[in-house]
Amino acid sequence: MLPRHYFHTKTQSYQYFCRFAIVLAQGTFNTKIGTFAAVAGSVVGLGNIWRFPYLAGDNGGFAFLIIYLFVSLLISMPLMLSEFSIGRSQRCNAMRAFRNISSGPWFLIGFLGVATAYVIDSFYMVVGGWSLKFLQLSIVNAFADMSAADIKGTFGHLLSNGTQLVLWSEATLVIATAVIIGGVSNGIEKFNKYLMPILLLLLIILAVNSIFFLPDSYKGLQFLFYPDFSKITFQTVLKALGQSFFSLSLGMGAMLTYSAYMPKSQRLPRTALFIVSFDTIVAIISGLAIFPAVFSFGIDPSAGPELLFITMPAVFSKIVGGQFLAILFFLLVFLAASTSQVSLLEVVTAYVSEELHIQRRKAAILIFLTMTCTGGICALSLTGAPSLTFFDMSVFDIFDYVSSNIMLPIGGLLIVLFAGWIMPKRILHAQLTNNADHEPFYFKIIRFLIRFVAPIFVSILFLHLIGIF
Ligand code: PHE
């Protein structure tokens, strides 16, 4: 039992016991490697596969990569360390973590994070559903001998079929919910620990095949890597920053929530550096798997859904062993989407379970039911139903636009402002140094980046995304 004088105020002692109870309720990750796998599972997702490679190829190749690394290290990493420090020091859901550290309206940042996770998950599950459907189509060898136009038709057909859209996205939600119900260590940690190595292996097989076994693959490498510094403008820097945020799951409490389960001995700066490097490497290998194949068949590259669900199947339909490669590819996309979906769902689950004082399992089922409705609406809106279209945009597009362009940057900005200016310095120090009494050289640098550099750049990014400049 702790001595009574340990706490200065009643509120402090109450907070201590709440935190203690919560750690027991949600559990923690058991191993460092499991923690790494879970965080990697969250960050590696559709952002790496369908956006990064195209963005890099279209915006200066190697030159873009350098800019991307710069903004990731100087802006995204400090934000990630802010989330890690807030989460691990409080060991509770995003909203409560802010409230524990400071009274006043700051808890709204956590609330915004939970809302953002919910919104992103509602459309992310739909895309996960597409990948499952395409996995099934690959298994039955549906793409054999199809032309690109046929495949476009198949994808279009899926988008116009409400029942299919809802059923396939629902299937991904069932899987993610089952993982969440499994618990932090038995569910999330195990799921990622087994699936992340498989994901990496699939990616490497596909990349090796594209580079070494397809004719003219060098053209794809040229597209991806040829350094064109003339394409680098301030806009490019902002594009790189936006991509880095989304790809590293920042600005909405996913990193904060996962860090609440991290072991005490986990070194946060090292983990953040590892994760940023890993995420970038996966994005580059995705490019190596995709572009040599696309260029090898003289197809014009594109970004987003079209790249994954039209261009790639068209490529597979022409390759020897294409059916097998298509299965590997859509399995890869599904795994990447699913491990990210789990992290989004966990942000909401931790919040609901702790704030409503109900068990994880009940919270997960409750969220499953509401997400079935919102995800279902997102899915159905793709069919073009007029009642689900506003300002010429489907609900799916609105959720995507609002979360990526408005909620994430505002969340990111408020998190760094909070960590840099509101949260006591000792919390950041204790978390970044694992309670050591010395001050490593990098602490001052990271704090400077959190207090000054990140807020300025994130504010500019936000103004840019909403079209102000
Ligand atoms: N980082 C994921 C991706 O690259 C997306 C994501 C965003 C996941 C926010 C969780 C939280 O696709």
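**View 1. What lines the largest cavity?** By class, eleven nonpolar and seven polar residues line the largest cavity, and no charged ones do. Keep in mind that this is a predicted model. The space inside the largest cavity comes to about 150 Å³. Its lining is made of 18 residues, and S42, Y124, F246, S249 and L344 are the ones closest to the centre. Five helices put at least two residues each into this lining: α2 (32-43), α3 (46-58), α6 (107-139), α11 (234-247) and α15 (322-355). The biggest giver is α15, with three residues.

View 2. Look for W50, R51, G304, D400 and S404, which are the closest to its centre among the 37 residues of the lining. Which helix gives the most to the lining of this second largest pocket? That's α17, with eight residues. Quite a few helices supply at least two residues each: α3, α6, α7 (148-160), α11, α14 (304-316), α17 (395-422) and α19 (441-465). Sorted by class, the lining of the second largest pocket has 24 nonpolar, seven polar and six charged residues.

View 3. By class, that makes seven nonpolar, four polar and one charged residues in the contact of α6 with α16.

**View 4. Helix α10 (residues 217-225) packs against helix α13 (residues 268-296).** Here the axes are 7 Å apart and the angle is about 130°, which makes α10 oblique to α13. The crossing of α10 and α13 is right-handed. To trace the contact, pick out S217, K219, G220, L221, F223, L224 and F225 on α10, then I284, G287, L288, F291, P292 and F295 on α13. Nine nonpolar, three polar and one charged residues take part in this contact of α10 with α13.

**View 5. Helix α2 packs against helix α9 (residues 184-213).** How are α2 and α9 set, roughly parallel or roughly perpendicular to each other? Their angle is about 80°, with the axes 8 Å apart. Angles from 65 to 115 degrees count as roughly perpendicular, and α2 and α9 are therefore roughly perpendicular to each other. From α2, the residues making the contact are I33, G34, T35, A37, A38, A40 and G41. From α9, they are I188, E189, N192, K193 and M196. By class, you'll find six nonpolar, four polar and two charged residues in the contact of α2 with α9.

How values were computed:
Residues numbered from 1 in each chain as written. Predicted model: local features only at pLDDT ≥ 70, side-chain atom pairs only at ≥ 80, totals over all residues. Heavy atoms only, no water. 1 Å grid on protein atoms, 1.4 Å probe; cavity = no way out; pocket = protein on both sides within 12 Å on 5 of 7 lines; lining within 4 Å. Points joined across faces, edges and corners; volume = space filled by probe spheres on them. Helix = DSSP H or I, 4+ residues; strand = E, 2+ residues; numbered from the N terminus. Nonpolar A, V, L, I, M, F, W, Y, C, P; charged D, E, K, R; others polar. Axes fitted to C-alpha atoms, helices over the stretch in contact; angles between N-to-C directions. Parallel < 35°, antiparallel > 145°, perpendicular 65-115°, else oblique. Left-handed = near helix turned anticlockwise from the far one by under 90°. Contact = heavy atoms within 4.5 Å.
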